[in-house]
Amino acid sequence: MVPIILALGFSVSDFFYTIWVKKLLDNKYKPFDIIRFWMVFTGLISLIALFFVGIHIHSNLFYLGLIGFTFSTILGHYFQVKALANLPLSIVSPLGAFFPVLIVIVAVFTLGEIPSLVGLLGVLIVVAGSYTLTLKSTDNFFEPLIFLFKNKKVWLKHFANISWAIAAVFLKIALTNVE
């Protein structure tokens, strides 16, 4: 039950984060100022949580995972903010649906984790839904796919997704080395 609550909480907070960033960019805030604030804010919340929960570190891989997670998360947020600065929200948001696909691919190659058939089917349904949201007409079914690969500004969001998929691997390394 707790993982479901956490996943829903993350989805809701991610929704508000994206809108908040877009509004700040529209008000001419600089991307690095937004990222700095977000990292300090989430870092303080994490430190407070660690203070109350307490941890026991099993190996130095925890620190490697924590450092890798931090840098790849910051990089992901940088690309996300740049994507939001250069593209409409109606394009950036559906591209977030490709994150589960990337994380499955990264997990297979880095952690050796293979998803169940049902899990893989769920990811494909989400991606298919996101893809159909970007269809403007039924004349060319592959138009959004071509757009995803040819548009250089869209690659900012792809890089954000890739960075966050790598961050998830580092987070797993950190969490498996702590109690």
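**Exercise 1.** Determine the handedness of the crossing of α2 and α3, and state how the two helices are oriented to each other.

*Solution.* The crossing is right-handed, that is, the near helix is turned clockwise from the far one by less than a right angle. The model is a predicted one, in which local features need pLDDT of at least 70, side-chain atom pairs count only at pLDDT 80 or more, and totals for chains, interfaces and linings use all residues. Residues are numbered from 1 along each chain as its sequence is written, and side-chain values use heavy atoms, without hydrogens and water.

Next, take the geometry. Helix α2 covers residues 31-53 and helix α3 residues 61-86; they pack at about 140°, with axes 10 Å apart. Angles under 35 degrees count as roughly parallel, over 145 as roughly antiparallel, 65 to 115 as roughly perpendicular and the rest as oblique. The pair α2 and α3 is therefore oblique.

**Exercise 2.** Is Asn161 buried or exposed, and which residues does Asn161 contact beyond four places in sequence?

*Solution.* Asn161 is found in helix α8, residues 154-175. Its relative accessible area is 1%, so Asn161 is buried (buried means under 20%, exposed over 50%, partly exposed in between, with a 1.4 Å probe and protein chains only). Contact means heavy atoms within 4.5 Å; on that basis Asn161 touches Leu95, Gly96, Phe98, Phe99 and Leu102, leaving aside neighbours within four places. A polar side-chain atom of Asn161 lies 3.0 Å from the backbone oxygen of Leu95.

**Exercise 3.** How far apart are Ile103 and Ala165 in sequence and in space?

*Solution.* They are 62 residues apart in sequence, and their C-alpha atoms are 4.7 Å apart. Ile103, in helix α5, is partly exposed at 26% relative accessibility.

Key: Axes are lines fitted to C-alpha atoms, for helices over the stretch in contact, and angles run from 0 to 180 degrees between N-to-C directions. Helices (H or I, at least four residues) and strands (E, at least two) are DSSP runs, numbered from the N terminus. A polar contact is a pair of N or O atoms within 3.5 Å; within protein, one must be able to donate a hydrogen and the other to accept it, and residues adjacent in sequence count only if both atoms are side-chain atoms.
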